[in-house]
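Thank you all for coming.

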Amino acid sequence: MKQIYLDNAATTSVRPEVVEEMIKVLRADFGNPSSTYSVGRHSKALIENARKSIAKQFNVSSSEIVFTSCGTEGNNWIIRSAVRDLGVKRIITTKIEHHCTLYSIQQMAKEYGTEIQYVNILPNSEIDYNQLEELLKEDVPTLVSLMHVNNEVGTILDLKRVADLCIANKALFHTDTVQSVGKVEIPLDEIPVDFIVASAHKFHGPKGAGFVFIRKKNVLKALIVGGEQEKGLRAGTEAPHQVVGMAKALELSYEHLNEERKAITELRDYCKAKLEENFPGIKINGNGSTFYNVLNILLPFTPEKAAMILFSLDMKGIAVSRGSACQSGSQKPSHVLAEFLNEEDIKKPSLRVSFGHENTKEEIDFLIDVLKEV
Ligand SMILES: Cc1ncc(COP(=O)(O)O)c(C=O)c1O
């Protein structure tokens, strides 16, 4: 049975060219990058070339890129270090962040007494920028932690606007860019954020590889200790094949960005039009200008019926998700939708369809046909 993968916000397929690069490294470059003889030095060179290639995509220095294992690790590290190493006493965030950010922040409150202030989410799914501006006026050492693109709904944060507000109020700015890196340009020489976090498996790279950008002025300490790798910022033997695969995936994502963004946007719009045509009364969650690769659809059914629909789609080889992947096995309402839907709508289930460059119109037609059937 043909598989139709429409859950690209959960993870993405690995591009064939990435697989090739990774296999080459796995076959030939097994040296430990910390070893000083030539096999080791060669592995080290692969890692440093990957770092340069990644840094170039954001117009930053390669010394500002540190490799991690995933987005979860990156967000945990930056938040913990901002409190522990940079004297942050207050974190301004929202309740629609990914749980790896939210739980890290809540842990800082428990362990260090860090104050948390949540910015409201407006009914259109955007943050209340005016409230953020007001909160920032208070003179406390602050980290603002706001995600760039929401993984469930696709709401986009105006990075430049928030970065400028943070600069004006001497706050640090961390943004979880796991859903946006590789899918939109992020020129960090023009947008003065302090930290970004990325994960390779969201941009057609391997799982188990990620990176953070740490602007030079912010001196962090390691979360994982016990070795001098990554200039002492992350202990543990590096995985050259992962890092090389991630750099290749990012390079290809940006190389094909314009054509793929156009194609995916057209597909998303086509799917939205077809849904509205065939299922009058369905609603799309979000402000109408959410990120181009995602549609979060409010279903006018009970959660049980929605679970049955997901199951039926799966039986037909169609992969979509209910809310975010991390919660798709649970019956709990999404913590994201709970922040901005009205009381009636929050009881209804939602379906997240997220598109990638490999999807086709025929697949969307098939999805609509199966939805009609079930
Ligand atoms: C916005 C966002 N942040 C963080 C993460 C966690 O990233 P990873 O799966 O690499 O740990 C995800 C993954 O779903 C995400 O969508």
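Predicted model: local features only at pLDDT ≥ 70, side-chain atom pairs only at ≥ 80, totals over all residues.

Let me begin with helix α1, which covers residues 16-28. At 1.5 Å a residue, its 13 residues should span 18 Å, and the C-alpha atoms at its ends are 19 Å apart, which agrees. The buried residues of this helix are V18, E21, M22 and V25. Looking down the axis of α1, we find these buried residues within an arc of 95°, so they line one face of the helix. What covers them includes α2, residues 38-58, and α7, residues 240-255. On the face turned away from that buried side, α1 carries the exposed residues P16, E20, I23, R27 and A28.

Now to strand β8, residues 210-214, which is mostly covered, with five of its five residues buried. From this strand G210, V212 and I214 point one way, while F211 and F213 point the other way. Strand β2, residues 65-68, runs antiparallel to β8 and is joined to it by four bridges, and V66 has V212 as its bridge partner there. Strand β7, residues 195-199, also pairs with β8 in the antiparallel sense, over five bridges, and here the partner of F195 is I214.

Finally, which residues are around the ligand? They are C70, G71, T72, H98, C100, M147, N151, D176, V178, Q179, S199 and G210. By class, this shell has four nonpolar, seven polar and one charged residues.

Key
Residues numbered from 1 in each chain as written. Helix = DSSP H or I, 4+ residues; strand = E, 2+ residues; numbered from the N terminus. Expected span 1.5 Å × (residues − 1). Buried ≥ 20, exposed ≤ 12 C-beta atoms within 10 Å, placed from the backbone. Arc of directions from axis to C-beta. Contact = placed C-beta atoms within 7 Å. Near = placed C-beta within 6 Å. Nonpolar A, V, L, I, M, F, W, Y, C, P; charged D, E, K, R; others polar. Pairing = 2+ DSSP bridges.
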